[in-house]
Amino acid sequence: MKKILIIGFVWPEPNATAAGSRMLQLINFFIEINYQITFASTANETDNSFDLSSLGVTKKKIALNNSSFDTFINELNPEIVLFDRFLIEEQFGWRVAAQVPNAIRILDSEDLHSLRTARHEAYKAKKEFLISDWLNIDITKREIASIYRCDFTLIISSFEMELLKKELKIDTSLLLHVPFMLNKIDATVEKGWLPYKEKTNFICIGNGKHAPNIAAIDWLKKDIWPLIRKQLPKAELHIYGAYLPQRIAQMNKHKEGFVIKGKAINSIKTIGAYRINLAPLAFGAGIKGKLVDGMLAGTPSVTTTIGAEGMHDNLPWNGFISNSNIELATKAVELYNNENEWQKSQENGVAIINSLYDKELLSKQIKLKIEAIKNDISTHRNKNFMGAMLMHHTMMSTKYLSRWIEAKNK
């Protein structure tokens, strides 16, 4: 049986993070094409970790800067190694290349961490983000080097795909645009969604460990929600998310209709009870799980340009997009009160999911990419001289630093 090793940054938490949902989608894809999966991580499992063993996935705890990994992967001898984020490729990529050189190396970027970091820095500095901000930070150089060292990288956002091709001229043979892989939505009412009149109030949902989510809650509390509440004095905004910090919990104000709920057991089912999904994201990258979940739940969303970025191509959004306090609030109220506009927005969400996130089509694209590289991996790698050069220098630097750390730890 074909074997794949997935090295995870953390153990997948699909009910808590979009990254966890994404990883579970990839795991299911490899199960469907008959791969025996081993999932390894240096992290500890949490109460939110998905039970991978229920899918027949073998779990392995591994250690950083430890040659025990070399023995482990040599014995496993996988055909494919998938790195969960560039940090994992930095830590283990050189060992994989040395021990199983013929294994296809795939990087799942999740989102461009460097882009999110650069935007966060601009946000904190209260300045407009420029592409040069992204190009001139160290983490960008590290992340792009990781992309070059791998046989190909899964890029989740169409915006990020174009950014890499346009600004850095990365060859498309090293990239594959794969957003969330989802089943098509049945466009009939039998999908089980609550109708407009049975959905009430507003929801904002997001993992508390993710800085853009915390900034969005702050923005809602300070500027946007008071404007909505003024026009809809009986409406409430419910805030959901795993790992919400204490200061967010202290924002709970029932009299103001600003209610902190905490972790949602099932995000799609939870969002499905609300009329409007609010996601005023001031910075970030990738595609936003909360907005995809809103479409899957039949709940229109009001978000920012950053929020909707790379998610809908030229299709109309399933709600409204704006970057100003007043317009975000005004459009949220308008959508909340206008059943016809609300219904149209819901239908837009169905069109987006069915057109751009089709699991069947995306699965075929990944499978074809893997088969093409497997059939002639030498030619593929020979065309990527930059990657070979970067791997050479990584082997010379990271390898010996890791060996020194391992010897020091002994």
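Predicted model: local features only at pLDDT ≥ 70, side-chain atom pairs only at ≥ 80, totals over all residues.
Local features need pLDDT of at least 70 and side-chain atom pairs count only at pLDDT 80 or more, while totals for chains, interfaces and linings use all residues. Residues are numbered from 1 along each chain as its sequence is written, and side-chain values use heavy atoms, with hydrogens and water left out. Helices (H or I, at least four residues) and strands (E, at least two) are DSSP runs, numbered from the N terminus.

**Enclosed and open space**

- Rolling a probe the size of a water molecule over the atoms shows where empty space is left.
- On a 1 Å grid over the protein atoms alone, a cavity is a set of points where a 1.4 Å probe fits but cannot get out; a pocket is an open set with protein on both sides within 12 Å along at least five of seven lines, and lining residues have an atom within 4 Å of a point.
- Grid points are joined across faces, edges and corners, and a volume is the space filled by probe spheres set on the points.
- One cavity of 30 Å³ or more is found in a search of the whole structure, and the largest cavity holds about 40 Å³ of space.
- The lining of the largest cavity is made by Cys 204, Ile 205, Gly 206, Asn 213, Ala 216, Ile 217, Tyr 240, Ala 279, Leu 281 and Lys 290.
- β8 and α8 each supply at least two residues of this cavity lining, and α8 gives the most, with three residues.
- By residue class (Ala, Val, Leu, Ile, Met, Phe, Trp, Tyr, Cys and Pro nonpolar; Asp, Glu, Lys and Arg charged; the others, Gly among them, polar), the cavity lining has seven nonpolar, two polar and one charged.
- The second largest pocket contains about 280 Å³ of space.
- Among the residues lining the second largest pocket are Tyr 123, Trp 219, Lys 222, Asp 223, Leu 281 and Asn 323.
- Both α8 (211-231) and α12 (305-308) supply at least two residues of that pocket lining, with α8 giving the most, five residues.
- The lining of the second largest pocket divides into six nonpolar, three polar and three charged residues.

**Salt bridges**

- A salt bridge is a side-chain nitrogen of Lys or Arg within 4 Å of a carboxyl oxygen of Asp or Glu, and by this rule the count comes to 20.
- Lys 59 and Glu 45 form one of them, at 3.2 Å from N to O. Lys 59 lies in strand β3 (residues 58-61) and Glu 45 in the loop between β2 (35-41) and β3, so the pair ties together parts 14 residues apart in sequence.
- Lys 59 is partly exposed at 35%, and Glu 45 is partly exposed at 41%.
- Arg 95 and Asp 70 form a salt bridge with their closest N and O atoms 3.0 Å apart. Arg 95 lies in helix α3 (residues 86-99) and Asp 70 in helix α2 (residues 68-76), so this pair ties together parts 25 residues apart in sequence.
- Arg 95 is buried at 1% relative accessibility, and Asp 70 is buried at 8%.
- Asp 223 and Lys 222, which both line the second largest pocket, meet in a salt bridge of 3.5 Å, N to O. Asp 223 is partly exposed at 25%, whereas Lys 222 is exposed at 63%.

**Buried parts**

- Nine of the nine residues of helix α11 (residues 289-297) are buried, so the helix is largely enclosed by the rest of the structure.
- The buried residues of α11 include Lys 290 and Asp 293; Lys 290 also lines the largest cavity.
- Gly 298 follows α11 and has a positive phi, near 75 degrees.
- Asn 207 sits in the loop between β8 (202-205) and α8 and is buried, with a relative accessible area of 12%.
- The C-alpha atoms of Asn 207 and Asn 314 are separated by 28 Å, the two residues being 107 residues apart along the chain.

**Surface patch**

- Patches are made of residues with over 30% relative accessible area and no salt bridge; like charges are joined within 9 Å and nonpolar side chains (Val, Leu, Ile, Met, Phe, Trp, Tyr) within 5 Å.
- Phe 385, Met 386 and Met 389 make a nonpolar surface patch of about 310 Å², with accessible areas from the Shrake-Rupley method with a 1.4 Å probe, where for residues only the protein chains shown count as cover.
- Met 386 lies in helix α17 (residues 385-409) and is partly exposed at 39% relative accessibility.

Key. Buried < 20%, exposed > 50% of the residue type's maximum accessible area, 1.4 Å probe, protein only.
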